[in-house]
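Have the structure open as you read.

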Amino acid sequence: MGQIKQIGVIGSGTMGAGIAQLMIQNGYRTIIYDIHHDLLKKAKVTIEAKLNRLVEKKKITNEEKTSAIDLLDITTDLQDFKNCQLVIEAAPEKIEIKRSLFKELEEICSQDAILATNTSSLSITEISGHLSHPERVVGFHFFNPAPLMPLVEVIQGLKTEPETVETLVDFAKGMNKTPVTCKDTPGFIVNRVARPFYNEAIRIMNDQVADVEQIDRIMKRAGKFKMGPFELQDLIGIDVNLATTKSVHASFYGETRFRPHFYQERMVQAGTLGRKSNGGYFHYDE
Amino acid sequence: MEDTFIMMNKTIAVIGENLLAKNLVEDLKKNTKGDILFNEFSLLEHADIVIETTNLHVQEKKRKLQEIESIVSSNTCLLTSILQVSATEAASWLHHPERLVGFAAFADFHDNELVEVALPLQAEPHFLQIVNSMFRLLDLETEVVEDEVGLVFPRILSLIINEAAFALTEGTASVHDIDQAMKKGTNYPLGPFEWCEKIGLDDVYAVLQGLYKQFGEERYRPAPLIKKLVYAGWIGGEKDKCFYHYQNRNLKEFSL
């Protein structure tokens, strides 16, 4: 595995754009790929706006911003990834899409390039099992917003070589991130261990032990959590949170510890999704 | 304010062997002027309030509450920790259940601002005022919730720790990486294993065991690894061994 100089990012959504911004801020030439050119242009504008904000807040200099933006390219042709030493896929969480993307990448990229996926809910092994060289496929799971959140989960699929994991751990450390390594298990670490924070809070609320305001207050004042389980669900999106719970629950073949609560489903059915819909467990003014 | 003044000079007795009991005694001595008794059954008849804190062994808790009741007067306020049983169940062991109040907190309660309390179904609510003013002396607000095993924070935190223990058992990640992930990926103030070391795994196990019995649901099944650590006495708190020790031991090569 040669030195990482050029990086390909697949997907221009929130995570793809966030990851690309992180990479160019750390001096890596980065190409974002998407099938829609207009989405790519939008992502580029978003990244530039974010970097401008950092200049305004005096977190970076104008020169740093300019040289970061110079490192960013966009493309609708996956062939442009042929010289990348690292590809980070942040496409929609659909297994067919990811499997066919990795099949294409295997043909385009050199054999020692690392092919990483930012999936939060799919198995690394399932994404790469059909490839000729699954040993260089690895999970590289960032948290939103990627430029700010320190954690990265580096996930070893059943066929991932330890060297691939080590390379990404060192790479993440080089960007001042906190990498942790984990096996290819449902929800990896964070999305699994955090389930009871939400699920049990909903259960306690629905059983009338305490109400939403009380539970959030208790978790913050008796437990020092920065946010309560309900305000945090409102921030993440109740639909997004429910989807994660459903995915972990299904991947563990219905293990009851992860069973979603019907109340979450009611909130989604009602269109009360949290802050983005101006209302969830709490009300928000505009 | 008057309540607080009266409370300042009350005799408060603490009965319990766990870290929670020790920390309560230390805090009460620092913040009140009255006598603070610690496991002194011979002086218990003078107590205005008795706090009982056994969590791990329910039979021992029952025996202690009944012994306390046999010594104190019938209207003495009994405050009991309800990590493994509901306040209603604890009250059912008494001849005068109406003076029992439940509270749920871990041993690190004095680092926090709030403590949860609940009344048993059999309660007379005015005992709650006594408990509120006592906690106010310790600079703690109270939040009254419905009576259920482990109330809110101990219940949620214990289940997070339980899930972390299952993940560790399966070799998903190391103790250190699971702690790091929860702090850096979702802003937890402490990692689940660090939290155990601080509050004591015995009380966490008590909550899980209590929920499992109360609801009879697989969802609350304590991770076998937690049981083993409790049996081994590797419970953190005052003990220096817990999950980190367990993992380091595992890394040693015993076989040739």
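This is a predicted model: local features need pLDDT of at least 70, side-chain atom pairs count only at pLDDT 80 or more; totals for chains, interfaces and linings use all residues.

Start with what covers the buried residues of helix 2 of chain A: the cover includes helix 1 (14-25), strand 2 (29-33), helix 3 (62-70) and strand 3 (72-75) of chain A. The buried residues themselves are L40(A), A43(A), I47(A) and L51(A). They take up an arc of only 70° around the axis, which puts them on the same side of helix 2 of chain A. An α-helix has 3.6 residues a turn, so residues three or four places apart point the same way. Over on the other side of helix 2 of chain A you'll find D38(A), V45(A), A49(A), R53(A) and E56(A), which are exposed.

As for length, helix 2 (residues 37-56) of chain A has 20 residues and reaches 29 Å from its first C-alpha to its last, close to the 28 Å expected at 1.5 Å a residue. After the helix comes K58(A), with a positive phi near 60°.

## Helix 6 of chain A

Now move along to helix 6 (residues 162-174) of chain A. Which residues of helix 6 of chain A are buried? They are T164(A), V165(A), L168(A), F171(A) and A172(A). These cover an arc of only 125° around the axis, so they sit on the same side of helix 6 of chain A. That buried set packs against strand 5 (114-117), strand 6 (137-142), strand 7 (151-156) and strand 8 (178-183) of chain A. The face turned away from the buried side carries the exposed residues P162(A), E163(A), D170(A), K173(A) and G174(A). Just after helix 6 of chain A, N176(A) has a positive phi of about 60°.

## Helix 5 of chain B

Chain B has a helix to look at in the same way. In helix 5 (residues 127-137) of chain B, the buried residues are F127(B), I130(B), V131(B), M134(B), F135(B) and L137(B). An arc of only 150° around the axis holds them, which puts them on the same side of helix 5 of chain B.

Most residues other than glycine have a negative phi, and most peptide bonds are trans.

| Residue | Phi |
|---|---|
| K58(A) | near 60° |
| N176(A) | about 60° |
| Q208(A) | near 65° |
| N39(B) | near 55° |
| D139(B) | near 65° |

Q208(A) is in the loop between helix 8 and helix 9 of chain A, and it counts as exposed because it has 10 C-beta neighbours inside 10 Å. N39(B) is found in the loop between strand 2 (36-38) and strand 3 (49-52) of chain B. With 13 other C-beta atoms within 10 Å, N39(B) is partly exposed. D139(B) follows helix 5 of chain B.

There is also a cis peptide bond, which joins N144(A) and P145(A) with omega about -5°. P145(A) lies in the loop between strand 6 and strand 7 of chain A.

Another loop residue is S132(A), between helix 5 (124-128) and strand 6 of chain A. It is exposed, with 9 other C-beta atoms within 10 Å. S132(A) and E107(A) are 25 residues apart in sequence but 9.9 Å apart in space, C-alpha to C-alpha.

## Domains and the contact between chains

Chain A is divided into domain 1 (6-189) and domain 2 (194-277), with C-alpha centres 29 Å apart. Chain B is assigned domain 1 (2-144) and domain 2 (153-251), and those C-alpha centres lie 26 Å apart. The contact between the domains of chain B takes 14 residues from domain 1 and 15 residues from domain 2.

How many residues does each chain give to the contact between the chains? Chain A gives 38 residues and chain B gives 38 residues. Elements giving two or more residues to the chain A side are strand 7, strand 8, helix 7 (190-193), helix 8 (195-206) and helix 9 (212-221). By class, that side has 21 nonpolar, 7 polar and 10 charged residues.

Finally, the largest nonpolar core has 163 residues, and V87(A) and I178(B) have the most contacts inside it. Helix 6 (residues 153-169) of chain B supplies the largest share of this core, 11 residues. I178(B) touches residues of both chains, including I189(A), V193(A), L168(B) and F193(B).

Terms used:
Residues are numbered from 1 along each chain as its sequence is written. Chains are lettered from A and ligands numbered from 1 in the order in which they are written. Domain bounds come from an automatic or database domain assignment. A residue is buried if 20 or more other C-beta atoms lie within 10 Å of its own, exposed if 12 or fewer, and partly exposed in between; C-beta atoms are placed from the backbone. Helices (H or I, at least four residues) and strands (E, at least two) are DSSP runs, numbered from the N terminus. The arc is that of the directions from the helix axis to the C-beta atoms. Two residues are in contact if their C-beta atoms, placed from the backbone, lie within 7 Å. A nonpolar core is a set of buried Ala, Val, Leu, Ile, Met, Phe, Trp, Tyr and Cys residues joined through C-beta atoms within 7 Å. Ala, Val, Leu, Ile, Met, Phe, Trp, Tyr, Cys and Pro count as nonpolar, Asp, Glu, Lys and Arg as charged, and the others, Gly among them, as polar. The expected span of a helix is 1.5 Å times one less than its number of residues.
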